[in-house]
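Let's take a friendly walk through this model, one feature at a time. Have the sequence and the 3D view side by side as you read.

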Amino acid sequence: MRLRAAERGIWKSAELRRMLADAGLEISAGKMSSWWAGTPPTMRLEELDVLCAVLECTPNDLMTPEPDKVAARRPRNTDAANGGNGDGDPNGNGGTPPAVTPRLGKLRSTPPL
């Protein structure tokens with residue numbers, strides 16, 4: 001965002017905050033600070049829309065994919081995600097996957113005629 005702002009000649013967060021307010025988006029100084037620092041915890045789509053309008057850019061211009069952060073959030077293996085103990089066996093029964101059998105429920109009654 002700072003790069004896009006700099007391209008528009010906006011060098012201070014207060015100036016961008018005023019421009020956002022002029023465009024109808026009132027945000028707190030704390031939120032502006034997190035946006036300016038590049039670490040916003042959240043951002044509404046409406047806010048992103050106004051920000052893009054003020055900076056004359058698209059959301060793609062403001063976002064950078066971070067595959068390393070996404071990979072770091074994933075569990076190390078699927079066992080951990082499925083409640084296993086991490087030794088490759090989600091059930092703790094020697095590595096044999098459980099047999100999957102469908103549970104048949106009660107048959108539905110037929111509607112009255």
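**From a buried glutamate to a pocket**

E47 sits in helix 4, where a helix is a DSSP run of H or I with at least four residues, numbered from the N terminus. This is a predicted model, in which local features need pLDDT of at least 70, side-chain atom pairs count only at pLDDT 80 or more, and totals for chains, interfaces and linings use all residues. Residues are numbered from 1 along each chain as its sequence is written, and side-chain values use heavy atoms, leaving out hydrogens and water.

Is E47 buried or exposed? E47 is buried, because its relative accessible area is 7% (buried means under 20%, with a 1.4 Å probe and protein chains only). Leaving aside residues up to four places away in sequence, E47 touches L25, K31 and W35; contact here means heavy atoms within 4.5 Å.

Now turn to helix 2 (residues 13-22) and helix 3 (residues 29-37), whose axes come within 10 Å and cross at roughly 115°. Axes are lines fitted to C-alpha atoms over the stretch in contact, with angles from 0 to 180 degrees between N-to-C directions. Helix 2 contributes S13, L16, R17 and L20 to the contact, while helix 3 contributes A29, M32, W35 and W36.

Finally, look at the lining of the largest pocket. Helix 3 and helix 4 (45-55) each supply at least two of its residues, and helix 3 gives the most, with three.

Key. Buried means under 20% relative accessible area, exposed over 50%, partly exposed in between (1.4 Å probe, protein chains only).
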